[in-house]
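Give the cut-offs for each term along the way.

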Amino acid sequence: MAVTQLIGARIQRREDPRLVTGHGRFTDDRSPRGCCVLQVVRSPHPHARIRSIDTARAAAHPDVLRVLTAADFRSVLHGAMPVTPSFVAEKRQVPERFPIATEEVVYQGEPVAVVVARDRAAAVDAAEWVVVDYEPLPAVVDPIAALDPAGPRAHAGAPDNVCWDVTYTGGDVAGAFADAELVVHGRIVQQRLAPTPIEGRVVVAEHDPYDERMTIWLGSQNPHFIRLFVSQALQMAETQVRVVSRDVGGGFGSKISPYPEDYLVPAAAKLVGRPVKWVETRTEAMAGTTHGRGQVFEADVAVRRDGTLLGMRLTQTLDVGAYCGTFGAFQAVAVYMAPGAYRWRGVEGRTIGVLTNRVPTDPYRGAGRPEGTHLVERMVDLVARELGMDQAEVRRRNFVTAFPFTNPFGFVYDSGNYHGSLDLALAAVDYPSLRRRQAEGRAAGRYLGIGLSTYVEICGFGPSAPTAGATGGIALVEGAQVRVFPTGSVAVYVGTHAHGQGHDTTFAQIVADTLGVPMEQVELHHGDTDEGTGFGYGTYGSRSLSVGGMAVRGASLLVREKARRLAAHLLEAAEADVLVERGRFAVRGSPASSRSFQEVALAAYGANLPSGMEQGLEAVHYFDPANFVWPFGAHVCVVEVDPDTGQVTIERYVAVDDCGTVINPMIVEGQVQGGIAQGIAQALFEEVVYDPDSGQLRTGTLLDYLVPTMSELPVPECSRQVTPSPTNELGVKGVGEAGTIAASVAVINAICDALQPLGIRHVDMPASPDRLWQQLQEVRRP
Amino acid sequence: MIPASFDYRRAHDLDEATRWLGELGPEAKVLAGGHSLIPLMRLRLAQPSALVDIGRVPGLDTIRVDGDRLRIGALVRHAALARSEVVRRALPLLAEMAAEVGDQQVRARGTLGGVIAHADPAGDYPTLALMLDAEIVTTHGSHPARDFFQHLFTTPLQPDEVIREVTFPVAAGPHRYIKFRRRRCDWAIVGAAVQQSDGGWRLGLTNCGPTPMRARAAEAALAEGRTMAEAALQAAEGLTPPSDLRASSDYRRHLARVLTRRALEQAAA
Ligand SMILES: Cc1cc2nc3c(=O)[nH]c(=O)nc-3n(C[C@H](O)[C@H](O)[C@H](O)COP(=O)(O)OP(=O)(O)OC[C@H]3O[C@@H](n4cnc5c(N)ncnc54)[C@H](O)[C@@H]3O)c2cc1C
């Protein structure tokens with residue numbers, strides 16, 4: 001590798017000046033000439049039969065071009081929306097989903113008709129004039145109640161509401177429980193969350209019937225998958241469909257799967273013969289963009305009295321929603337990650353996917369790993385409590401210490417140092433003196449709590465073998481193309497997609513170091529399916545650096561190697577004697593004779609090439625990692641709970657994360673801080689609420705759905721430990737989700753620790769003042 | 001979303017405003033800072049036929065002390081109230097409340113008259129207006145605050161009636177407003193206001209019923225010489241606060257007591 005100058009440097013994100021000065025290019029900035037506006041008429045009912053749709057009055061609006069329903073769309077859209085196996089290949093039933101309801105609506109917000117009009121005001125007005133005659137049907141609004149065979153079905157006529165029901169067993173579970181000296185039970189609810197990116201979803205489509213081309217602009221984390229799915233539905237070749245996803249104002253997993261509008265907008269453009277734009281409102285986003293979490297866990301943990309963890313049995317009941325999300329079953333990974341950072345004799349996990357009359361759930365930052373982490377970290381704390389041991393002590397006694405380590409389900413943790421990160425975090429907060437302060441405070445009626453979260457997570461999806469099956473054919477590798485122009489400027493095309501992760505900076509750091517050119521000479525391209533490699537795999541599951549970054553590095557190395565061979569030829573030296581140093585190709589032992597990268601780039605397009613070498617200086621590389629990567633760390637949250645109001649104040653939040661080699665510390669900190677913010681948001685603030693009787697969404701605006709702002713959040717103190725990953729030559733692991741995976745349970749463990757002397761054993765999320773006060777009332781009651 | 005279509009007129013003075021409102025009928029609405037009305041229109045929960053914008057009517061943004069009354073023009077914005085030296089001297093509690101309304105954008109646009117006219121039980125100024133016996137002076141006359149907040153979003157204002165100013169008694173003694181909320185920029189889940197005035201305590205509660213509330217039982221207990229902690233226990237007497245996503249009715253009653261005690265203790269400290 002070249003002399004490292006940029007890798008590891010604290011470089012400001014070079015995309016930011018453009019973004020923070022309002023020069024980003026978001027989808028809504030795009031309005032092709034003649035563009036009209038699409039408004040979706042949505043079901044107000046969680047479950048109903050459509051008796052009839054009367055579009056006459058809306059269609060008569062002078063500025064309305066067409067009112068379209070399922071019958072119209074069936075002429076241009078074919079087949080059902082995709083559902084991948086993800087972590088559960090064995091699904092019992094997968095309700096077929098067409099982008100617009102035909103006879104039955106199964107969630108509030110499901111499209112039933114669309115209005116295409118000349119302007120937004122007309123579209124919104126006319127949409128109110130579409131009259132849909134519904135026959136309301138009983139709705140399934142609770143995933144646990146949904147399992148009652150006598151209850152209603154989310155889809156009329158379905159045998160039951162079970163989408164999947166699978167049990168995975170790893171190790172000697174029966175033996176572990178037979179040897180148990182104590183079994184600790186826990187029930188943990190993971191509330192539904194709305195991903196709430198700042199930029200909602202937007203789709204613009206233009207159909208050119210003469211070139212037979214469809215261009216779709218939208219905000220997507222993986223535009224190539226959207227092209228794959230939508231081109232199939234439109235029965236167009238992939239070459240005829242171009243998907244462009246430029247700047248995107250956040251995804252958090254909610255912009256992975258294809259949405260009904262991703263199909264309806266291009267189809268409408270085709271049917272109407274004009275470019276069409278749809279811009280989601282926040283209320284539509286709350287109701288129609290996939291939610292995350294929505295799971296209930298029951299767990300039993302078998303332990304010895306000395307604190308040794310023996311075995312765990314758990315059940316995950318997952319609220320799938322009305323249709324199975326395209327990657328919804330990914331969230332079952334919570335079961336595989338339930339062992340956490342600990343050694344067990346056996347773990348058995350059952351996952352039940354349940355259909356309800358709510359918008360589908362799908363990956364949301366962390367997707368299954370926050371849930372698995374929350375479960376195991378809560379259970380470890382409950383064990384400590386029942387045994388009267390210190391929470392840190394139980395963890396230390398059971399940590400995995402030798403790597404690579406195979407967990408009960410056969411996953412191989414690549415590297416780690418769990419004791420090291422916990423020691424660093426506890427030293428940072430001065431744990432012993434905190435515990436003293438806690439004891440003193442209690443005596444004075446003040447309730448300080450200390451919460452630990454020693455997480456390990458799986459990311460960097462992923463090796464081709466397991467992931468090809470999970471997506472239904474496409475192995476999650478990553479491709480990159482590096483092109484060097486005659487003047488030496490470098491264009492890099494990546495299949496990942498940046499929507500807040502700062503790839504423009506980190507990937508340029510890798511390329512610049514590998515080629516030995518200044519960063520400014522390197523330009524990054526992503527998000528346009530007409531450019532770069534044949535397929536791009538996108539950005540999710542903290543995979544971009546450890547898979548995409550390696551593809552970028554690999555393609556850069558191919559370029560460098562060709563340049564070196566060419567330089568040897570130009571320098572009339574043996575290839576083996578030519579070294580690359582600081583952007584120059586020099587002959588070993590005679591540094592005076594050398595060629596710059598620019599000179600070699602120009603020569604690559606000239607006539608003086610070694611025999612057999614073709615002109616040009618460019619390369620494509622696909623990287624297929626040998627394993628997932630396994631970031632880990634220790635977070636400590638210190639809270640004070642006001643016993644009179646139930647108000648929680650976070651006094652300190654310390655995070656020690658180990659994501660292997662760090663390319664850019666500033667970006668890592670940004671990712672960790674943002675991730676922690678979302679974890680705290682789940683712990684204390686956010687919850688999607690549906691009315692338990694009517695099934696109506698009650699958190700339809702940001703007035704009701706509490707996304708915390710900077711004023712409500714602590715500034716986490718982030719530090720690091722570096723244990724390089726052996727899985728890739730960069731030594732990197734992902735860090736996009738780590739903060740979220742770790743944080744929710746650090747906060748909840750702190751609250752439970754604070755309230756332990758008052759008799760509170762467990763607290764569910766969000767730990768709102770009202771909820772805590774109610775719980776305190778119950779334990780205070782004689 | 002975008003509002004349904006409506007007519008828009010900008011009034012030059014209040015006579016013009018009332019005349020237009022009379023002509024346009026009860027479906028027309030006054031527009032002041034727009035920070036309650038426009039959000040409702042965007043969600044199409046309000047669909048007025050016309051807006052009569054009083055935002056540029058001169059003379060409605062003055063603040064002055066007139067004898068023992070503080071007179072504040074209907075168009076005075078939250079930010080101006082929070083900054084005003086006059087308010088800080090004559091009725092510091094009002095300035096402190098104003099500094100905590102919504103966020104910066106809301107404080108830059110929203111008006112005192114708008115909050116009073118809107119009569120949202122979560123609005124902060126109505127609590128102070130009620131507990132201190134403010135007067136709401138309009139184009140048609142004057143309403144004592146105790147008769148003004150009739151129910152949720154309901155006041156005696158006629159469709160063509162416009163608030164000119166609100167007058168408060170000058171009160172610079174011990175005071176405190178505790179606004180309990182989840183996010184800094186949010187409305188009060190419960191607010192407790194205390195002000196010492198004429199030697200006695202006035203206690204008000206925000207968002208504990210369909211209108212602002214006065215904690216009269218607690219006031220009486222204080223007058224009888226009970227301790228603050230004892231008196232505060234009676235702060236929820238007669239309240240039947242709403243239950244919503246933020247808080248249950250019981251929890252609001254509890255908060256009314258806890259916050260009143262804390263407000264009294266902090267005011268006295
Ligand atoms: C995010 C957000 C947070 C907020 N937080 C708070 C808070 O914490 N506390 C709080 O008190 N408020 C809060 N508000 C409301 C804010 O203070 C509004 O500005 C206020 O409620 C209305 O004042 P306005 O001037 O904007 O009135 P408008 O929105 O213009 O009008 C509101 C209503 O009053 C009528 N009206 C207005 N002026 C007059 C007048 N002079 N005579 C007769 N009728 C009139 C209008 O016709 C309309 O019906 C918040 C608002 C937002 C958007």
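Helices (H or I, at least four residues) and strands (E, at least two) are DSSP runs, numbered from the N terminus. The model is predicted, so local features need pLDDT of at least 70 and side-chain atom pairs count only at pLDDT 80 or more, while totals for chains, interfaces and linings use all residues. Residues are numbered from 1 along each chain as its sequence is written, chains are lettered from A and ligands numbered from 1 in the order in which they are written, and side-chain values use heavy atoms, with hydrogens and water left out.

Begin with the ligand. A residue is near a molecule or strand if one of its heavy atoms lies within 4 Å of it. By this rule the ligand is surrounded by 30 residues, and the closest are Val30(B), Gly34(B), His35(B), Ser36(B) and Thr111(B). Nonpolar residues are Ala, Val, Leu, Ile, Met, Phe, Trp, Tyr, Cys and Pro; charged ones are Asp, Glu, Lys and Arg; the others, Gly among them, count as polar. Sorted in this way, the shell around the ligand holds 14 nonpolar, eleven polar and five charged residues. Of the elements, α7(B) gives the most to this shell, with four residues.

Next come the polar atoms around the ligand. A polar contact is a pair of N or O atoms within 3.5 Å; within protein, one must be able to donate a hydrogen and the other to accept it, and residues adjacent in sequence count only if both atoms are side-chain atoms. A polar backbone atom of Ala32(B) is 2.8 Å from an oxygen atom of the ligand. For Gly33(B), a backbone N or O atom lies 2.8 Å from an oxygen atom of the ligand. Leu37(B) also has a polar backbone atom 2.8 Å from an oxygen atom of the ligand. On its own, the ligand has 960 Å² of accessible area, and the protein covers 91% of it. Accessible areas come from the Shrake-Rupley method with a 1.4 Å probe; for residues, only the protein chains shown count as cover. Two elements of chain B, β2 (28-31) and α7 (112-118), are those that give two or more residues to the shell around the ligand.

Now turn to where the two chains meet. Contact means heavy atoms within 4.5 Å. The contact takes 31 residues from chain A and 25 residues from chain B. Buried area is the accessible area (1.4 Å probe) that two parts lose on being put together, summed over both. Chain A and chain B bury about 2,300 Å² between them, with 55% of it on carbon and sulfur atoms.

What is the count of salt bridges between chain A and chain B? The count is five, a salt bridge being a side-chain nitrogen of Lys or Arg within 4 Å of a carboxyl oxygen of Asp or Glu. In one salt bridge, the side chains of Asp644(A) and Arg261(B) meet at 3.1 Å, N to O. On the side of chain A that touches chain B, the elements that give two or more residues are α4 (120-129), α18 (665-685) and α20 (769-780) of chain A. Of these, α4(A) gives the most, with five residues. The residues of that side divide into 13 nonpolar, nine polar and nine charged.

Over all chains, a search of the whole structure finds 65 salt bridges. Arg118(A) forms a salt bridge with Asp63(A), with the closest N and O atoms 3.5 Å apart. This pair links distant parts of the chain, 55 residues apart: Arg118(A) is in the loop between β5 (111-117) and α4 of chain A, and Asp63(A) is in the loop between α2 (56-59) and β3 (64-69) of chain A.

Some details of the chain A backbone remain. The peptide bond from Phe403(A) to Pro404(A) is cis, with omega near -5°, and Pro404(A) has its place in the loop between α11 (391-398) and β16 (405-406) of chain A. Gln235(A) is not a glycine, although it has a positive phi of about 55°.
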